[in-house]
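Subject: Structure handover

Hi,

Here is the structure you are taking over. My notes follow below it.

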Amino acid sequence: MPRTRTRRSRSLRLAAVATGSVLLAAAATGCNAAAKDDAADGGSKGGGASFTLVTPDPVGQNEFLKLAVDGVKAAAKTHDGTQKVYQSSDSASQQQNVQAAVDAAPDVVVLVGFEFADLVAQQAEAHPKQQFLMVDACTTKTYANVSCAVFREHEGVYLAGAEAGLLSGSGKVGAVVVLDTGQFRRYSDPFAAGAKEAAPKTSASTRFVGGQSPFDDSARAKEQANSLLAKGTDQVMAAAAAGNYGVFEAAEAKGAYAYGVDVNQCTSAPGTVVDNVIKKTDVAVQEGIGQVLDGKGGKTVSYGLKEGGISLTGLEDGVESSKCVIAEHEDVLKKVEALRDRIVSGELTVDDPAAK
Amino acid sequence: MFFDSDLLMSALRALTPILLAALGGALCERAGVFNIGLEGMMLMGCFTAVATSWFTGSPWLGVLAAALAAAAYSLILAVGSVTLRGDAVVLGIAMNLLAVGLTSFLLRTVFGVQGTFDDPSLAGLPLVGGFSPLAYLAWAAVGVSALLLSRHVWGLRLRGVGEAPEAAATLGVSPARYKYAAVLLSGVLCGLAGAQLALGNVTLFSENMTAGRGWIAVVAVMLGRALPLGVLLAALLFGLAEAAGFRLQGLGMPQQATDAAPYVVTLVALFLSTAQRRRRAARTRPSTTGVTS
């Protein structure tokens with residue numbers, strides 16, 4: 001191959017860059033396909049029911065997935081059975097892990113995350129006797145052997161919004177959210193609605209992180225938060241994955257307040273994070289498995305405030321030691337509890353942006 | 001008001017890491033090494049900066065370590081493309097992929113966490129007049145590299161090596177040595193860019209946190225035709241487009257549209273600058289072909 005380094009060849013090289021990076025990326029995921037099945041046997045005694053949990057990402061310090069693991073372990077204990085956890089690292093290993101789980105034919109295969117929707121649909125059709133439980137997402141078509149547990153995050157976000165409305169000094173609240181989709185708008189629109197319910201004069205605005213890698217880009221999320229804070233916003237809902245830390249930093253620097261998601265994030269910025277909208281994956285996994293074993297599979301169960309699947313750190317036990325700002329505002333918590341009770345009783349319904 | 005000091009500050013903050021990396025890219029381009037490994041070198045800088053600052057408690061040591069680590073990482077490109085005559089494009093892509101995997105792996109082994117390492121006691125860079133000291137360094141680096149390339153004998157030789165390596169070699173200038181220097185310098189600058197991103201723009205490390213900034217720097221090098229001032233203007237254009245995009249969201253423009261803003265700006269700038277270059281070339285051609293002196 002001739003090696004000429006001329007200026008003219010640059011456009012060609014650029015084209016090579018583009019195709020090359022795509023090919024290499026594909027090859028890289030292909031290599032990883034040698035799956036990382038961190039099979040963790042829960043117990044050696046057989047006879048009882050068996051459950052396999054497949055995660056979309058490595059569990060590690062991912063609090064959300066840790067809760068799912070807790071749920072499966074608790075279910076194994078309750079039903080005197082065994083459990084296994086298959087951790088995936090990319091889409092190829094997700095596919096392999098689901099296949100491996102189905103091949104072993106446990107009583108229930110539990111899958112967490114929207115990543116599995118298509119895979120589960122295929123497998124459920126191919127293996128009609130295998131029971132599946134999907135958590136935090138569902139297949140587009142319904143199957144008799146697929147049960148789903150989904151969350152009504154918007155109810156929790158509404159309560160966080162009410163806290164923000166009550167705590168805001170400027171009357172301006174905002175949200176920094178990963179992407180502008182119905183599912184993610186569950187973290188912005190209800191936040192504004194809750195704030196307006198608690199303090200009618202509140203105004204609200206939203207920034208979406210977007211960009212090349214919206215889930216990783218904390219510097220970009222921080223600038224988005226800054227653009228809200230520059231306009232006088234003093235309460236910011238953060239639903240930006242890794243970007244949340246950027247939002248917390250921005251709020252801390254300006255003396256403003258932020259709200260976290262999924263788990264207790266107050267510890268990453270004590271004095272800045274007011275409260276968190278928490279998603280109890282363990283409850284959903286445990287109850288979902290129970291329903292399947294009772295022969296009530298094939299249904300979609302929605303978890304919100306009423307079912308105890310969604311909550312705020314401030315409404316849970318141990319709020320005093322949570323490092324959350326809300327622990328110092330008992331009066332606000334009282335009002336939020338009253339609001340929660342109205343939602344639980346069905347007197348008040350929170351609009352779901354994902355349903356539009 | 002749409003254009004105010006907050007918008008400008010936001011743009012300048014977004015600009016700093018891109019500018020530092022792009023200056024490194026420009027030096028390589030001038031020395032005849034097409035460096036697209038900026039993203040990977042920057043990411044190595046991010047991780048080293050955070051890890052060093054965490055274990056020593058000094059963000060300055062973090063900056064220093066980031067520059068050294070990224071320079072060491074850039075040896076892959078230097079050895080691979082200059083000594084072993086490999087394809088710089090392939091090497092650059094490999095470096096970018098390796099950096100994502102390596103830093104994620106190190107994050108797990110060193111800190112025992114996945115995704116993001118963030119601790120309230122992690123020391124970041126102090127702010128001087130609203131900016132991190134590295135921002136001022138980036139501005140100074142524009143001037144220094146512009147002077148170096150246009151006035152200093154070292155810079156002139158570097159350009160000579162890039163444009164006509166054989167001619168440079170006959171004059172006793174070692175192309176390999178200058179190319180190594182350019183690549184290592186780009187490593188140092190990308191390391192600083194990474195330190196600025198991880199200890200200046202934010203104070204944390206998250207996997208793949210460079211999020212395409214290295215690629216934007218590559219485009220800035222091309223758009224600015226590898227001239228330090230041109231690169232500065234290109235990077236400034238990106239910074240402004242991004243900050244304005246955030247602002248436009250507040251005025252109701254959808255995120256998908258504002259996301260495209262920096263790229264639309266790039267395309268327009270690319271068309272305009274190419275058209276201008278064509279016109280200039282058309283104007284000068286008759287005189288150069290007519291007179292041969």
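Two strands count as paired if DSSP finds at least two bridges between them. Helices (H or I, at least four residues) and strands (E, at least two) are DSSP runs, numbered from the N terminus.

This is a predicted model: local features need pLDDT of at least 70, side-chain atom pairs count only at pLDDT 80 or more, and totals for chains, interfaces and linings use all residues. Residues are numbered from 1 along each chain as its sequence is written, while chains are lettered from A and ligands numbered from 1 in the order in which they are written.

Chain A: the sheet

Chain A holds an open sheet of six strands, with order 2-1-3-4-5-11 and parallel pairing. Strand 2 (82-87) and strand 11 are the edges; each has a single partner strand, so one side of each lacks a neighbour in the sheet. On average, neighbouring strands are turned by 15 degrees against each other, direction ignored.

Strand 5 of chain A (residues 146-151) is mostly covered, with five of its six residues buried. Buried means 20 or more other C-beta atoms within 10 Å of the residue's own; exposed means 12 or fewer, and partly exposed lies in between, with C-beta atoms placed from the backbone. Four bridges tie strand 5 to strand 4 (residues 131-135), in parallel. L133(A) has S147(A) as its bridge partner. Four bridges also link strand 5 to strand 11 (residues 300-303), again parallel. There, F151(A) is partnered by Y303(A).

Strand 1 (residues 50-55) and strand 3 (residues 108-112) of chain A pair in parallel over four bridges. V54(A) stands opposite L111(A).

Chain A: R340(A)

R340(A) sits in helix 11 (residues 330-344) of chain A. Is it buried or exposed? R340(A) is buried, because 22 other C-beta atoms lie within 10 Å. It touches L159(A), L305(A) and L315(A), not counting residues up to four places away in sequence. Contact here means C-beta atoms, placed from the backbone, within 7 Å. Y158(A) is 182 residues from R340(A) along the chain, yet their C-alpha atoms are separated by 9.3 Å.

Chain B

The unreviewed UniProt entry lists "transmembrane region" for several stretches of chain B, including 38-56 and 123-149. Such annotations may be inferred rather than shown by experiment; positions are in the numbering used here, and feature names are shortened. Residues 38-56 are 100% helix and 0% strand, with end C-alpha atoms 26 Å apart. Residues 123-149 are 63% helix and 0% strand, with ends 36 Å apart between C-alpha atoms.

Helix 9 (residues 213-223) of chain B is mostly covered: 10 of its 11 residues are buried. Just after helix 9, R225(B) takes a positive phi of about 50 degrees.

Best wishes

Conventions:
Two residues are in contact if their C-beta atoms, placed from the backbone, lie within 7 Å. Axes are lines fitted to C-alpha atoms, for helices over the stretch in contact, and angles run from 0 to 180 degrees between N-to-C directions.
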